[in-house]
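Open the model in your viewer and keep the sequence panel beside it. Each stop below says what to select and then what is there.

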Amino acid sequence: MASEIREMTIGDYEKICALWKVSEGVGLSDADSKEGIKRFLERNPDLSYVAVENGEIVGAALCGHDGRRGYIHHLSVAKSHRCHGIGRSLVGRCMFSLMRIGIGKTHLFIFGENQEAIDFWERVGYSQRVELVMMSQQVAK
Ligand SMILES: CC(C)(COP(=O)(O)OP(=O)(O)OC[C@H]1O[C@@H](n2cnc3c(N)ncnc32)[C@H](O)[C@@H]1OP(=O)(O)O)[C@@H](O)C(=O)NCCC(=O)NCCS
């Protein structure tokens, strides 16, 4: 059975979290609490998607924007469902939805050692920005 792509809702949280937790290469933090994801989805309506097959979530992509650039986080496809185009479909839906609201460029973060993810993203049209370094600061717990 082919999977269906539909908008992610906060009602999906537990199942998506279970998928993220077993997906190598996905790093979760306190920002991924149920409250954090609820706020993200409210601020970014109709941009994040899940792939559903036989009622089960087999893929997920969290997508949003800051008004000028888009961002895709935590793209995951269940191991049992990889290499069937689900990742590409999820990314396509995210990119189309961003384009529809005028966001012309999207960034994402990948662990440097996650070569499989780098290969995937290159395959779907992304380019590595080797001139950039990511920096972060914690200002509140
Ligand atoms: C990366 C991931 C989302 C790919 O999902 P998928 O559904 O298997 O990918 P698709 O089947 O849509 O593949 C799309 C293209 O990428 C290629 N591709 C997919 N996985 C690949 C891999 N590990 N290495 C090289 N190419 C890969 C496919 O061959 C396909 O190419 P084609 O369409 O030109 O033939 C999935 O492997 C995954 O969940 N990985 C663990 C989590 C992770 O690392 N996420 C990224 C965090 S940013």
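Select helix α1, residues 13–22, in this predicted model. Colour Tyr13, Ile16, Cys17, Leu19 and Trp20, which are the buried residues of α1. Now look down the axis of α1: these buried residues fall within an arc of 160°, so they line one face of the helix. The general rule behind such a pattern is that an α-helix has 3.6 residues a turn, so residues three or four places apart point the same way. On the other side of α1, select Lys21 and Val22, both of them exposed. To see what covers the buried residues of α1, show α2, β2, β3 and β4, which are among the covering elements.

How many cavities of 30 Å³ or more does a search of the whole structure find? The search finds 1. The largest cavity holds about 40 Å³ of space. Select its lining: Met8, Thr9, Ile10, Tyr13, Ile16, Trp20, Ile37 and Leu41. Which helix gives the most to this lining? It is α1, with 3 residues. Both α1 and α2 supply at least two residues each to the lining of the largest cavity. Sorted by class, the lining of the largest cavity comes to 7 nonpolar residues, 1 polar residue and no charged ones.

Move to α2, residues 34–43, and pick Phe40, which lies in this helix. Leaving out residues up to four places away in sequence, Phe40 touches Ser48, Leu62, Cys63, Gly64 and His73. For a distance check, draw a line between the C-alpha atoms of Phe40 and Asp12: they are 28 residues apart along the chain and separated by 14 Å.

From Phe40, step to its contact Ser48. Ser48 sits in the loop between α2 and β2, the strand of residues 49–53. Is Ser48 buried or exposed? With a relative accessible area of 1%, Ser48 is buried, because the cut-off for buried is under 20%. Show the side chain of Ser48 and the backbone of Cys63: a polar atom of that side chain lies 2.8 Å from the backbone nitrogen of Cys63. Residues up to four places away in sequence aside, Ser48 touches Arg6, Glu7, Met8, Phe40, Leu41, Ala61, Leu62 and Cys63. Two of these, Met8 and Leu41, will already be marked if you kept the cavity lining selected.

Next, go past β2 to Asn54, in the loop between β2 and β3 (56–65). Asn54 is not a glycine, yet has a positive phi of about 50°. Asn54 counts as exposed, at 59% relative accessibility.

For another positive phi, select His74, a residue other than glycine with phi near 55°. His74 belongs to strand β4, residues 70–77. Its relative accessible area is 17%, so His74 is buried.

The elements that give two or more residues to the lining are β4, α3 (86–100) and α4 (115–123). β4 gives the most, with 6 residues. By class, the lining of the largest pocket divides into 17 nonpolar, 15 polar and 7 charged residues.

The last stop is Leu90, in helix α3. Leu90 counts as buried, at 0% relative accessibility. Show what is in contact with Leu90, apart from neighbours within four places in sequence: Ile5, Tyr49, Val50, Ala51, Gly59, Ala60, Ala61, Leu75, Ser76 and Val77. Finally, draw a line from the C-alpha atom of Leu90 to that of Ile10: the two residues are 80 apart along the chain, and the atoms are separated by 17 Å.

Methods. Residues are numbered from 1 along each chain as its sequence is written. This is a predicted model: local features need pLDDT of at least 70, side-chain atom pairs count only at pLDDT 80 or more; totals for chains, interfaces and linings use all residues. Side-chain values use heavy atoms; hydrogens and water are left out. Helices (H or I, at least four residues) and strands (E, at least two) are DSSP runs, numbered from the N terminus. Buried means under 20% relative accessible area, exposed over 50%, partly exposed in between (1.4 Å probe, protein chains only). A polar contact is a pair of N or O atoms within 3.5 Å; within protein, one must be able to donate a hydrogen and the other to accept it, and residues adjacent in sequence count only if both atoms are side-chain atoms. Contact means heavy atoms within 4.5 Å. On a 1 Å grid over the protein atoms alone, a cavity is a set of points where a 1.4 Å probe fits but cannot get out, and a pocket is an open set with protein on both sides within 12 Å along at least five of seven lines; lining residues have an atom within 4 Å of a point. Grid points are joined across faces, edges and corners, and a volume is the space filled by probe spheres set on the points. Ala, Val, Leu, Ile, Met, Phe, Trp, Tyr, Cys and Pro count as nonpolar, Asp, Glu, Lys and Arg as charged, and the others, Gly among them, as polar. The arc is that of the directions from the helix axis to the C-beta atoms.
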